[in-house]
Amino acid sequence: MSSSQKESVSGGQSPADYGYGHGGYSGYGYGYGDEEGTAHRSLQDYLLILRERIWYIIVVFLVVFSSALVYTVSATKIYESTATVQLLRDDPNVIDVEQVIGNEIRGTEDLNTQVKLLESISLIETVAGRLSGDELRRFLAPYQDGSDDDPLTPNGIIAQNREIAPQRLSLVINVNYRHPDPEIAAIVANYLVEEYINFNTRQQIEESIKAVQDLKVRADEQKEKVDQLARELQSYREENNMVSLDERRDIVTDRLKALGMNVTESSTALKEIEVLWTQLNEREGDLVAISELPFVAVDPLISSLKQQISAEKIAIAELQERYRAKHPRMIEAQRKLDQTEAELVSAIRGTVNRVDAQYQAAQRSLTAAQAALVAQEEESLDLSRAAVDYDAKEREFVINQELHNSILSRMRETSVAGNIGTQNARIIDKAQPIQKPVSPNLILNLGLGLVGGAGLGLAFAFFVAFIDDRVKSSFDIESVVGLPLIGIIPQIKKLDPVEKAQVVLNNADRQVAEAFLTLHSALRLKEEAKDAKCILTTSTIPGEGKSFVTTNVAFTFAAHGEKVAIIDCDLRKPNIHKTLQLENARGVIDIVGGSLEVDDVINKEVVPNLDVITTGGRAKNPTQVLNSRRFEQLITDLRKRYDRVFVDTPPLAAVSDAMVILPLVDGSLFSIFFNKVRRKAAQFAAKKLLDSNVPVFGAVLNGLNLAVSGYYYAQYYDKSYKDYYVVMSKKDDTPER
């Protein structure tokens, strides 16, 4: 095996990755795997595991089923009675008052609360208290077995046998009770629903009485507080002269409104006159520009003077055409014009002075109005500050007075509600004695026994399969052990060891002979094995048929015309000479020791084309013998003389002799006995071979029990194959097929 193959094995790759897909059983469709060669269990494998352990399943099934049957027949009959109660979504509206305890069903939480009340210990204790006399005796009779150890109490019995079952998508609850006496079952079920309704009624009345008492105490306390506040409010009015507080507020408010309007009007008047005053100041000294202002120009006097000046200028212009400047008429006209212009200037200045006086008056008026408003606001603030405390005291008085009235009203309502005593549930159906028992349920128990027995039987079978880690299937060999399966040898029961060792020669078992022919073909088809001259055979533990495989494989190769030698290298417990009935006086030990040559120890022509070299006894130091140079020369010499050399070695788990010989051979066969060796042990031994860098041709499964071969190898040993095995004719000794 190459180093890359070794790395693949140590890495956990499938056998197909090592080149084992040719010549081995995987190549013939005998292995387990998909197209990529990955081994796995199929559904058929698990079915075969169950089939192999069918008696475990049958025994467990019979035990469980019979136990269920015995229990069903011998168990005490139990009868169940059911009382049905309906929860009311709202309490009956007898009178429109609010209850102390709300019993409305608004959601799942409210419904679950009522269910828990039905399941409560208090309710059970109340029902148990109602049982007396003959009812109590009949109730306890089935549970009195004469034993004083931990006797059951009525409370415990009721708790164990009652069932509260809310009906889906409704406010209806079934109260079930089971008892060996059907009449007692009905009585207890009815007691449960009656006491549930009584419990809610009692609780409502008790809480109402308690609430009335509490409310009376609170009402008295509240009344005293209201009286105290009334006295404090009256004293505050007298101290602050606030008897007519609302009237004073109205007067102050009206004054504030009037003064506010006055300030607004004064401010508006000031702004209007300020515009005119500003225009005059901008044209100060320019009388012509001032006269052009609209509010100045529209003045009647100024407008008249300006018209008069225009007329006089026209008259002067006309006189200038006729007279000179010194003419009396010209002088008179000029005098009138100057007088009129002087009057216009005087009129304009009068207008300016009037606007200035109006502006100053508007300023004084606004200042006076603002001062009056500030004073009134201060008075209003003083009144408001004084009224804050008054309002607070009055508000507190009103609130407490309303609270006192509310407490009195609630106390009267609670007193009325407590006297009414409404119910939040009603009984729909009372429980009636039912004569048909609910337990034991024959069909259910037998069904459970059937299913449980089958399930436990299957589980037990798989458990046994899980703890059974012996190699028995090609899945175990190829997936767990890690070797390709290249041969399967059926079990031989009626032959002695000598006949078994020569079964290929004497054809004592046709199936076994055919198996070795198949193994021979597999080795010749494998790329690594077809040219291998020296092949080592080993196993995990003693008794796995490695010597049996060695001799019969050698006989098969010899029968096909190849010159073959068998060398027994099990120097601790040699077996080849016994099975082939040869002397073991001389052999490998003598050759390595130098006392004899190869030709002196070879048992020639044991069968045609087959020679055998025995051990020559048992070695005291077998590892030293196999490590010697003369042993290596022996193997080299045999390679030259024979077409095939088969080396039989000790088991790998016992000693390391096979590992010493491995470097001298071309490959190895690993013998595994069916259902004998543990998977871990076989896996460990196979890993040793794979780690040696010497090709491992594959595993040979030896001793397959034909009674169970169908479980794991139905494709190999079907009964329909028997007509194809080699059969000796009775008329002659020639084989026919």
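Reader: Where is Asn 174 placed?

Author: This is a predicted model. In it, Asn 174 lies in strand S3, which covers residues 172-179.

Reader: Why is Asn 174 called buried?

Author: Its relative accessible area is 17%. Buried means under 20%. The value of 17% falls under that cut-off, so Asn 174 is buried.

Reader: What makes the link between the side chains of Asn 174 and Thr 84 a polar contact?

Author: The distance is 3.2 Å. The limit for a pair of N or O atoms is 3.5 Å. The pair is within that limit, so the label polar contact applies.

Reader: What is the handedness of the crossing of H15 and H26?

Author: The crossing is right-handed.

Reader: Which residues make the contact?

Author: H15 supplies Asp 476, Val 480 and Val 481. H26 supplies Arg 679, Ala 682, Gln 683 and Ala 686. By class, the residues of this contact of H15 with H26 are four nonpolar, one polar and two charged.

Reader: What makes H18 roughly perpendicular to H19?

Author: Helix H18 (residues 510-525) packs against helix H19 (residues 546-559) at about 75°, and the axes are 9 Å apart. Roughly perpendicular covers 65 to 115 degrees. The angle falls in that range, so H18 counts as roughly perpendicular to H19.

Reader: Which residues of H18 and H19 make that contact?

Author: From H18 come Val 512, Phe 516, Leu 517, Leu 519, His 520, Leu 523 and Arg 524. From H19 come Phe 548, Val 549, Asn 552, Val 553, Thr 556 and Phe 557. The contact of H18 with H19 has nine nonpolar, three polar and one charged residues.

Reader: How many helices and strands does the protein chain have?

Author: The chain has 27 helices and 14 strands. Of its 737 residues, 42% are buried.

Technical notes: Residues numbered from 1 in each chain as written. Predicted model: local features only at pLDDT ≥ 70, side-chain atom pairs only at ≥ 80, totals over all residues. Heavy atoms only, no water. Helix = DSSP H or I, 4+ residues; strand = E, 2+ residues; numbered from the N terminus. Buried < 20%, exposed > 50% of the residue type's maximum accessible area, 1.4 Å probe, protein only. Polar contact = N/O pair within 3.5 Å; in protein donor to acceptor, adjacent residues only side chain to side chain. Left-handed = near helix turned anticlockwise from the far one by under 90°. Contact = heavy atoms within 4.5 Å. Nonpolar A, V, L, I, M, F, W, Y, C, P; charged D, E, K, R; others polar. Axes fitted to C-alpha atoms, helices over the stretch in contact; angles between N-to-C directions. Parallel < 35°, antiparallel > 145°, perpendicular 65-115°, else oblique.
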